[in-house]
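These are my notes from going through one model. I kept each entry to what I looked up.

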Amino acid sequence: MRVVILGCGGFVGSHLLDNLLRDESYLIEGWDPEDRKIRQHLDNPRFTLHRSIANAPEALVEVERAIRECDVVVNLAAICNPADYNTRPLSVIRANLFEVYPIVELCAKYKRWLVSFSTSETYGRTIASYLPAGTYDDPELYELREDETPLIMGPIRNQRWTYACAKQMTERLIYAHHDEEGLPFTIIRPLNFFGPRMDYIPTRDGDGVPRVLACFMAALLSGEPMQLVDGGQARRTIVSIYEAVDAIRRVLERPETSQNQIFNIGNPNNEVTIAELADAMRRTYARITGDARYNDHPIVVTTADAFYGAGYEDCDRRMPDISKAERLLGWVPRMSLAEVLYGTMQSYHDTYTAPKAA
Ligand code: UGA
């Protein structure tokens, strides 16, 4: 299978390459300006890396050729870090909507299967969160179903929603090209994939505010307190990157059932509040290091304004219905939160506490 992967050098892309390149039947052409996470594959004759962003004007001729020649295009290129949504809204809208559009058009022109990475944020907030009681008693009011749940998001001034809005518009463009012109597509909505190589540790190999896993790891590694935005009451479900990549592979290998579908990829059994996640991570780190003092690592409460700046508004809860992935892909995530955290944090520990080569 000839696969084009746009944004192949990031967290998901690097794990997808690890998985697919173990199988001799995959031939992969990828685009990414960054190769730090995928250096292990650069000598593989079944992988070609173009070190640029795919929609750079000078890259588009080569991208068009690759799309024409391939079986499937996987688009992972995105700005998907909440710290950017309200602080760099123009870049977020450009990267997640306008810069994806030429790729969608090329796939439509050549009728190439487009596997597009979207986001659980295309659901926005839950209905339950707007009810006076804020009740989560009824799954009808909070469970996220690919083909039924509406998008609910806050006002324009809350620029957190630039991302959800851009991603949803991209989903709608893809669907419209499918409906009017027969573009084959699959949309994947990831729900908090955790694993090695996610984001970066600020001041070590990146700057700014990464997503919560790397924020909490950075705090544990540096001795600084873990910070709970608005008390850490938002809820997330956590799924292993390895199981998530297995789902993507099942998508690629079952076109007859996965095409023209949208899939939630997440683990409904691993739900935590962010406050619970912080506590679980400090306890896990105490086990990994053998240093019981981490059990009491400081956790402080902060506000969204102080942490992210004005215009941040949170997704309250993300509980995926994954029955479609189970039915059509035969995919059932099994790794517990404890297992995911242990393996992931061990890898961060090994990477960031290893003695530096002289
Ligand atoms: C982000 C993206 O917006 C999604 O598209 C993506 O699917 C998702 O990550 C993902 O990893 O799958 P989100 O879960 O909101 O969504 O991103 P995080 O930065 O990981 O934040 C999770 C929660 O932790 C939020 O409630 C945030 O306010 C909180 N947080 C974050 C803290 O309390 N402390 C921190 O130091 C960092």
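I started with Arg 197, which counts as partly exposed because its relative accessibility is 27%; on the scale I used, buried is under 20% relative accessible area, exposed is over 50% and partly exposed is in between, with a 1.4 Å probe and protein chains only. Arg 197 sits in the loop between strand 8 (193-194) and helix 7 (212-222). Helices (H or I, at least four residues) and strands (E, at least two) are DSSP runs, numbered from the N terminus. Arg 197 has a positive phi of about 75 degrees although it is not a glycine.

For the record, the model is predicted: local features need pLDDT of at least 70 and side-chain atom pairs count only at pLDDT 80 or more, while totals for chains, interfaces and linings use all residues. Residues are numbered from 1 along each chain as its sequence is written, and side-chain values use heavy atoms, with hydrogens and water left out.

Loop between strand 8 and helix 7, continued. I looked up Asp 199, which is placed in this loop too. Asp 199 is not a glycine either, yet its phi is positive, at about 55 degrees. Is Asp 199 buried or exposed? At 13% relative accessibility, Asp 199 counts as buried.

Ser 14. I then went to a contact partner of Arg 197. Ser 14 belongs to helix 1 (residues 11-20), and its relative accessible area of 0% makes it buried. I listed its contacts (heavy atoms within 4.5 Å). Leaving aside neighbours within four places in sequence, Ser 14 is in contact with Cys 8, Lys 37, Ile 38, His 41 and Arg 197.

Helix 8. I checked its length against the expected span, which is 1.5 Å times one less than the number of residues. Helix 8 (residues 241-253) has 13 residues and should span 18 Å; the C-alpha atoms at its ends are 18 Å apart, so the two agree. At the start of helix 8, a side-chain oxygen of Ser 240 comes to within 2.9 Å of the backbone nitrogen of Tyr 242. I also noted the buried residues of helix 8, among them Ile 241, Glu 243, Arg 249 and Leu 252.

Aromatic pairs. How many aromatic pairs does the structure hold? I found seven. Rings of Phe, Tyr and Trp (its six-membered ring) pair if their centres lie within 6.5 Å; planes under 30 degrees apart count as stacked, over 60 as edge-to-face and the rest as tilted. Tyr 136 and Tyr 142 make an edge-to-face pair, with 6.0 Å from centre to centre and 70 degrees between the planes. Tyr 136 is partly exposed at a relative accessible area of 21%, whereas Tyr 142 counts as buried at 12%. The pair of Tyr 348 and Tyr 352 is stacked, because the ring centres are 5.9 Å apart and the planes are at 25 degrees. These two residues are four apart in helix 13 (residues 337-353), so about one helical turn separates them. Tyr 348 is buried at 3% relative accessible area, and Tyr 352 is buried at 18%. I also logged one aromatic cluster, formed by Phe 307, Tyr 308 and Tyr 312.

Charges over rings. The test is NZ of Lys or CZ of Arg within 6 Å of the ring centre and within 35 degrees of the ring normal. Arg 235 lies over the face of Tyr 136, at 4.6 Å from the ring centre. Lys 324 lies over the face of Phe 263, at 5.6 Å.

Gly 311. I found Gly 311 in the loop between helix 11 (304-308) and strand 15 (319-320). Gly 311 is buried, with a relative accessible area of 11%. Not counting residues up to four places away in sequence, Gly 311 touches Asn 86, Arg 157, Asn 158, Gln 159 and Arg 160.

Cysteines. I counted a disulfide as a pair of cysteine sulfur atoms within 2.5 Å, and the count came to zero. Cys 70 counts as buried at 4% relative accessibility, and Cys 107 is buried at 0%.

Methods. Polar contact = N/O pair within 3.5 Å; in protein donor to acceptor, adjacent residues only side chain to side chain.
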